[in-house]
Amino acid sequence: MNFSKFFSNPHNTLITAAMLTVAFSAESADTPIPLKNAFKNAFMIGVALNQRQFTEQDTNGAALVKRQFNAISPENVMKWESIHPGLGTNGYNFEAADRYVEFGEKNGMFIVGHTLIWHGQTPRWVFQGEGTNAITREALLERMRDHIHTVVGRYKGRVKAWDVVNEGLSEDGSLRKSQWQRIIGDDYIAKAFQYAYEADPKAELRYNDYSIENERKRAGVLALVKKLQAEKVPIGGLGSQTHANLTWPSADLLDSALTAFAELGIPISITELDVNASQGGQRSQSAEVSQNAQSSAGSVVDAANQKLAEQYASLFRVFLKHRKNIKLVTFWGLTDRDSWRRAGKPLLFDGEWRPKTAFDAVIAEATKNP
Ligand code: G3I
């Protein structure tokens, strides 16, 4: 084809330009309004990122993140085992976390840090003393303080919210008997918030947990936060992970939980939203990684796409009812292929980055309640 001869005719140039515009706008046509704009009068919309997304190796993923979201969380790269794998002060590795924060700043995102103190993904050496000796309360507190001051200090003013302590409660609402709790004692949570505040007094310091919609665990988290507030511990936010399934939490349970959490007077964030549609997932309300295999077992249930859309619409109707107390809703992953529960196809975008029926259902809730 002789392009110069073709484009020497202005008529052809015009037609081509028109076709290209239609082609490029097709992306916005089938996703009419991005999530971040649809909910701009209610709350921010975030997404947990993996390394391929914030380094833009996953170009489609990175493009979708920039278009749809205005907040980001690190799925794994800021956890102790990733950011501080080695013993002591020389054992830090900030390469991935630095790229994550740079991606957020370059794209005007509200940047979340996840997570400083957790029983998961924490190297063994953290809880080991000199030689074969057990580590003492004082020595572990010193390690915790050094870690929090170093990590929070490095991203001071750049990371706007931190999950300071993650999953410190058991299902019955009592303190989880983690190594942090066993070696330091119940006040390890208060100490962690104190150290984080010393490192960045302006950051929102969150307590983050799952299944806190359930009555006993809800009572536990309310008691914990009220105790911290009474002790003037600088807790600045509550994170409710909300790893849901197709019927849990029900709209009533979620509504009563958010009503109770609002009494704490601190911003609520939905921090790890996904809706597990796998058969095994309908029997579980836990986000324990160790139980993930069975809670993702089997293929998705019948009519999964429709049921997923209905549950997401139900959840967002309640979130919108509580918009004055909810600051941020973060999805725990971008597409079904990226999800820790990929077998349950739990997110709004499929493995080809295409919006699913659930995406339209969520946008419709925003449109109904602008
Ligand atoms: O980094 C290693 C890699 O070197 C190795 O080749 C690969 C193969 O085994 O494993 C990689 O580590 C995996 C890590 O994710 C990074 O991808 C771990 O096996 C895997 O267990 C880990 O899973 C993460 C899980 O937390 C671990 O606890 C999930 O991606 C992450 O979505 C999940 O997120 C947690 C939240 O932090 C807290 N709330 C619950 C939520 C779901 O469990």
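**Ligand contacts and charged pairs**

Visitor: How far is a nitrogen atom of the ligand from an N or O atom in the side chain of Gln241?

Guide: This is a predicted model, where local features need pLDDT of at least 70, side-chain atom pairs count only at pLDDT 80 or more, and totals for chains, interfaces and linings use all residues. Residues are numbered from 1 along each chain as its sequence is written, and side-chain values use heavy atoms, without hydrogens and water. A polar contact is a pair of N or O atoms within 3.5 Å; within protein, one must be able to donate a hydrogen and the other to accept it, and residues adjacent in sequence count only if both atoms are side-chain atoms. For Gln241 and the ligand nitrogen, the distance is 3.2 Å.

Visitor: What share of the ligand's accessible area does the protein cover?

Guide: Glu167 has a side-chain N or O atom 2.8 Å from a nitrogen atom of the ligand, and a polar side-chain atom of Trp332 lies 2.9 Å from a ligand oxygen. On its own the ligand has 790 Å² of accessible area, by the Shrake-Rupley method with a 1.4 Å probe.

Visitor: How many residues of the shell around the ligand are charged?

Guide: The shell holds 15 residues, Glu75, Lys79 and His114 being among the closest; a residue is near if one of its heavy atoms lies within 4 Å. Asp, Glu, Lys and Arg count as charged, while Ala, Val, Leu, Ile, Met, Phe, Trp, Tyr, Cys and Pro are nonpolar and the others, Gly among them, polar. The shell has five nonpolar and six polar residues, and the charged ones number four.

Visitor: Which side chain of opposite charge is nearest to Arg218?

Guide: Arg218 belongs to helix H11, residues 215-230, and its side chain makes a polar contact of 3.2 Å with that of Ser256. A salt bridge is a side-chain nitrogen of Lys or Arg within 4 Å of a carboxyl oxygen of Asp or Glu. Arg218 is buried, meaning under 20% relative accessible area, where exposed is over 50% and partly exposed in between (1.4 Å probe, protein chains only). Arg218 has no salt bridge, and the nearest opposite charge, 4.3 Å away, is on Glu215.

Visitor: How many residues apart in sequence are the parts that Arg158 and Glu105 tie together?

Guide: Arg158 and Glu105 form a salt bridge, with closest N and O atoms 2.8 Å apart. Arg158 lies in the loop between helix H8 (137-154) and strand E4 (161-166), and Glu105 in helix H7, so the pair joins parts whose separation in sequence is 53 residues.

Visitor: Is Lys356 buried or exposed?

Guide: Lys356 forms a salt bridge with Asp336, the closest N and O atoms being 2.6 Å apart. Both lie in the loop between strand E9 (326-331) and helix H14 (357-368), so the pair ties together parts that are 20 residues apart in sequence. Like Asp336, Lys356 is buried.

Visitor: Why does Gly108 count as exposed?

Guide: Gly108 is in the loop between helix H7 (95-106) and strand E3 (110-117). Gly108 counts as exposed because its relative accessibility is 60%.

Visitor: How many salt bridges are there?

Guide: Arg137 and Asp187 meet in one, at 2.9 Å from N to O. Glu56, Lys66 and Lys106 are linked in a network of salt bridges. The count comes to 19.

Note on methods: Helix = DSSP H or I, 4+ residues; strand = E, 2+ residues; numbered from the N terminus. Lys, Arg positive; Asp, Glu negative; His and termini not counted.
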